[in-house]
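Hi,

Here is the structure I said I would pass on.

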Amino acid sequence: MSYKVSKAFHYYPVEIKQSYTGKNVKGFKFPAGNDFDAGNAADLENLQQFQLYFGVNEVIASLEDIQRTGTTKTNKMYRTLLNQLIEDYNAMCIACLKLASSMCWVPTFGTDEKPTGGFTHKLTPERAIYEIEPVVKGLLLAVQTKMDLTFPTQLVKNIARLEIEKELIELKETTCNIKKVTSK
């Protein structure tokens, strides 16, 4: 089974106890501790890198621009909803990062079925991201669809779009063209 990595996933390495040797090695683990910590440099950097990888940072920046440049009336009406969208994007990215990380480093358990605190390396970060990419794109597109349903068109027309939406539009157009050609 082969796969093609389209681009590198840059991450902030953290210390991970390798179960075979008992020594700490540097690797991709998210969150760096037990839970996501917005004050932890590794967690913030890995979240930002994930958002850069999938283009979410551009969408979030556009949402923040609407808040910064919007009229007082617009901000009163939509600030809470815009913040909720940003939280939704962050929540999806955090959940997906946890999943990818759990594919890279699998915890080991002792004979008493309790965690040993050590981990076994299974996948590279790039391979883990590759494996979950369809799910990530689907979840992010769902949040974007929520945005489109929540806000008036004139408000969201200038917001950056996720690449997945562009890919789906192209696929839909191609499929429609194929249907037209085959139905003749």
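Predicted model: local features only at pLDDT ≥ 70, side-chain atom pairs only at ≥ 80, totals over all residues.

Numbering starts from 1 along each chain as its sequence is written, and side-chain values use heavy atoms, with hydrogens and water left out.

The largest nonpolar core has 38 residues. (A nonpolar core is a set of buried Ala, Val, Leu, Ile, Met, Phe, Trp, Tyr and Cys residues joined through side-chain atoms within 4.5 Å; buried means under 20% relative accessible area, exposed over 50%, partly exposed in between, with a 1.4 Å probe and protein chains only.) F50, F54, L63 and Y89 have the most contacts inside this core. Helix 3 (72-104) is among the elements that supply at least two residues each, and helix 3 gives the most, with eleven. (Helices are DSSP runs of H or I, at least four residues, and strands are runs of E, at least two, numbered from the N terminus.)

Leaving aside neighbours within four places in sequence, L63 is in contact (heavy atoms within 4.5 Å) with residues including L82, L85 and Y89.

Now S101, which is in helix 3. Buried or exposed? S101 is buried, because its relative accessible area is 4%. Its side chain reaches the backbone nitrogen of F30 at 2.8 Å.

D112, in the loop between strand 3 (105-109) and strand 4 (115-121), is exposed at 51% relative accessible area.

Cheers

Note on methods:
Polar contact = N/O pair within 3.5 Å; in protein donor to acceptor, adjacent residues only side chain to side chain.
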